[in-house]
Every structure is written in C-alpha cells, then in structure tokens.
Amino acid sequence: MEPLKETQLYCPFAYIDGSWVAADGGEQISVYNPATAEVVGNVPRLGASETHRAIEAADAALPAWRAMTAQQRGDLLLKWYDLMLEHQHDLAILMTHEQGKPLKEAEGEIAYAASFLRWFAEEGRRVYGETIPPAKADQRIVVTRHPVGVVGAITPWNFPAAMITRKAGAALAAGCTMVLKPASQTPFSATALALLAERAGIPRGVFNVVPGTAGEIAGAMTESPRVRKITFTGSTAVGSRLMAQAAENVQKISLELGGNAPFIVFEDADLDAAVEGAMAAKFRNAGQTCICTNRFLVQSSVVNAFCEKLAVAMHSELHVGDGEKDGINIGPLIDEAAVRKVSEHVQDAVDKGAELMLGGHPHPLGGNFFSPTLISAAGPEMRVASEETFGPLAAVFPFDDEDSAIEMANDTRYGLASYFYSQNLARVWRVSDALEYGMVGINTGAISNAAAPFGGMKASGLGREGGHQGLDEYLETKYLCMDIS
Ligand code: SIN
C-alpha cells in the first residue's frame, strides 16, 4: 500500500460523542483489500449498546447544533469540504485499499463526495418558509421549516465516501445530528471522514460513526424513539425490511435502493457518442453502482454496428487489475459472491441463447477480478433482464420500435436511473416522459451531480438525495396560524 502522507487518517476506531472508541467487548471486524485479499486493518464491531450511546450523544448535541445559524453550520461544512480536498489523495488510497476502485476513480469519488458538503453548506441558507393567504381577514398563516432531529444513516461499500456526505451534508446543514453505520467492507473511509469532521470543528456528538453488526445497529436505530429519521442506501430487500422496522416508531425514511437501468440506443443516435456514454454508464466502479446500465436496449437496425463499436472500446480501453497500479481502470469486484453472480448471469444468458462477444469469465488475474464481458441477442427470459448484475457485464437486447423500447425499459420493478440516445428532439421529450425512472440521462452516460435530485421510483426507493430536494428529507414543516383580531 502506498503510504499515507498523513498517517492519522487511518483511524481503526469508532467515533462516538467526539471520542475514538473500541467495542465494549473488544470485538473487531477485519477489512480486506478486494484486489489482494490482504487485511487492510481492523475496526471495532459495535452492537446495540454502543449504538444507543451514540444516539444519546447525537440527541444531546442536537439543541446546540440546531440553534446555530445555517451560515455557522455551513461554514463548518465548508471547512470539512476543504479538508477533504486537501487530503484527497490519502482518502483515495484508503478507499482503493478497502473498496478496490482504481486510485484515479477513488480521487474522483472524493471530489464528488466533497461536493455534497459544499452544495448543502450553501443550500442550508436557503431553507425558506412561506406565508399563505389566510381564509379569514384576521388570520395569518406562516410556514416554518425545522430539522427533523437525530438521523440514523446506513451506507454501502460501493461509494464509501460519497454516500456518507450526500446524507451527512444534507442532515447537518438542515440542523440534524447523525449516527452513521458505514459498510463493514469500507469503514476506514468513514472514520477518516469523521476525523476530518472533527478537525473542521463539527462539535462532538453531531456526527458519530458506528461500524459493526448491521442487524443490531439498525435495530437500535429503529427502536429508539429519539431517532426521527432513517436514511439508507443499499439493496431493495434490506431497504424494505428497514422500512417495516421504522414503521414501529413512525420514523421518516429515505431509501436509495437497487436499479435495473436501461440504456436505449435509437437508430437516430450518434453511435460513437452512445458508445462513449455506454462505457461511462456501464463500467464505472467495475459496474458496481446502482445507476450502472444493466440492459442495453438497441434498435435492431443499428444493433450490430453498436455492438462492434462497444466491443472495440471495451477491448482497447478497459484495463483490469489492482486499482493501485498505473493505467488500471477496472478494479476487482468486492468479493467472491459478486464474481459468482456475474458468472451466473453470463452462463444463464449464454444457455438461453445470447451470443458471447467478449470476456465471459473471471479474469486470469484470479481472485475477485472479472473480465469485462459483452453479450448480444439477450432476451427477457434471461436473469440479466430482471436482476441487477452489479458487475462488468454489458448485455445487449435488440428492439424494433420506440413503443417496444419503452415497454422493455419499464418492464421491471425498479425505477432508479435510465439513459437513452437520440438526436430527434420530439422523441427526446416523448421518451423522457414515458420512462418510469427517477433519473433519465439523455445523450449522456454520466448523471451524478450534487445539484440534482438523486433517487428512484417503484422498488428503487423513496425520497431524493442531492439538489434542494435532498435537504427537504431532513426538514419538518410547521404551520403557524395566528389570530390577529
Ligand atoms: C450509487 O450507486 O448508489 C450511487 C451512484 C452515484 O451517486 O453516482
């Protein structure tokens, strides 16, 4: 591992109430580098009792944090933002080691993650209320906005920093405090962020990090009446369980869950641009993002040309290996189960008649590496049509006309991201309207942006993160009715 310039960023502890702590019973979680299977380090495995203490700390810190002006909170978030950029390379090294994504991509994620802190630092000053024309002459109606309170956040391994700041930036800017459970595969990115939050001057108790046993921590968060909001990014199965648990205390909930993104290429598309977008939308993070294309839907008249161009781009541009090495842009998958799932999807598709054009097997490097794979002539009966692969498999499904493309695109329980390429303006509006997705990339394969509302429809979740909408998720609305007679 390339040594960190600032070794203190490697924090093998939990962070509760401004203190760096171990688990009560001393239990630990080992964190592995998915590229080498070497141990990166150990963090405490916390459970329910430590989580309850973190919730108490967040609750105790709430009145003072909430009472600060939005600008004071924003100034602290901007300091946190500056520190993240100052330590961008070190944070990226930590991330590459525990998550596997190539170093350049990890640096990109740190910049993306920091951008949420800046966005919400600024947006927090625009939490406006409203005055409403009353029903009676001697009445006045005023609407005010207030932080919801203590937030329990649970974040995934695929974006170890950005999924934290997208939640924490919004929550803290709104005046909430937070207890965060990071993914057990990637806790060091979270504890490094906590260290920088501390250095930025964010008061103790406002941001707490509790690595540990998911079921116990989530249970403590949902059973505590002090926690007023749960926010989760991860699978639909876990999200719906959390939603049921949160119902007990009627906690607010935001869920950013699974996807099955279609990427439609119409015959009037600029095919070279579509291939460029396809590479971005499919192979970011080795295909392990919730918004990665899962299904390429390509009009029959251009399907061969598209597949050939995509095969050339994949062959020449994708370099698999340890993300720490120069020139690598496809790192390992997170674990063996991920490799197994991609293998199964490929095998299932080939068994059912798909044509294998590239790859199709674990990479010769072994371990968690998988060769970028292209299959054509995919069909609706294949697992890749309905299940999220979460790996570097590009599956191309041909279609005949616009109506069937839309029907195929919407034929899924998910509704997170979608993409399409067309140069026909009327079609651009028609298709944008018809897609049942929270996000639509039009002639682009890169849609992530702190200024925009990220989130899905149907089984892809509830609520939005980023944009001004991301702040609403952490605010209560209060209406004041005044009699002035
Ligand atoms: C995700 O995969 O959940 C997040 C992707 C992004 O923010 O771009």
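**Salt bridges in the predicted model**

Arg427 is buried, its relative accessible area being 11%; the threshold for this class is under 20%. The structure is a predicted model. The side chain of Arg427 forms a salt bridge with that of Asp268, with an N to O distance of 2.6 Å.

In total, 20 salt bridges were counted in the model. Among them is the pair Lys167 and Glu465, whose side chains meet at 2.7 Å, N to O. Lys167 is located in helix α5 (residues 162-174), whereas Glu465 is in the loop between β21 (461-462) and α15 (469-472); the pair therefore ties together parts that lie 298 residues apart in sequence. Both Lys167 and Glu465 are buried.

A further salt bridge is formed by Lys458 and Glu436, with 3.1 Å between the closest N and O atoms. Lys458 is part of strand β20 (residues 457-458) and Glu436 of the loop between α14 and β19 (439-442), so this pair ties together parts that are 22 residues apart in sequence. Lys458 is partly exposed, at a relative accessible area of 39%, and Glu436 is likewise partly exposed, at 36% relative accessibility. Salt bridges with shared partners also join Arg166, Lys167, Glu256 and Glu465 into one network.

Technical notes:
Residues numbered from 1 in each chain as written. Predicted model: local features only at pLDDT ≥ 70, side-chain atom pairs only at ≥ 80, totals over all residues. Heavy atoms only, no water. Salt bridge = Lys/Arg side-chain N within 4 Å of Asp/Glu carboxyl O. Helix = DSSP H or I, 4+ residues; strand = E, 2+ residues; numbered from the N terminus. Buried < 20%, exposed > 50% of the residue type's maximum accessible area, 1.4 Å probe, protein only.
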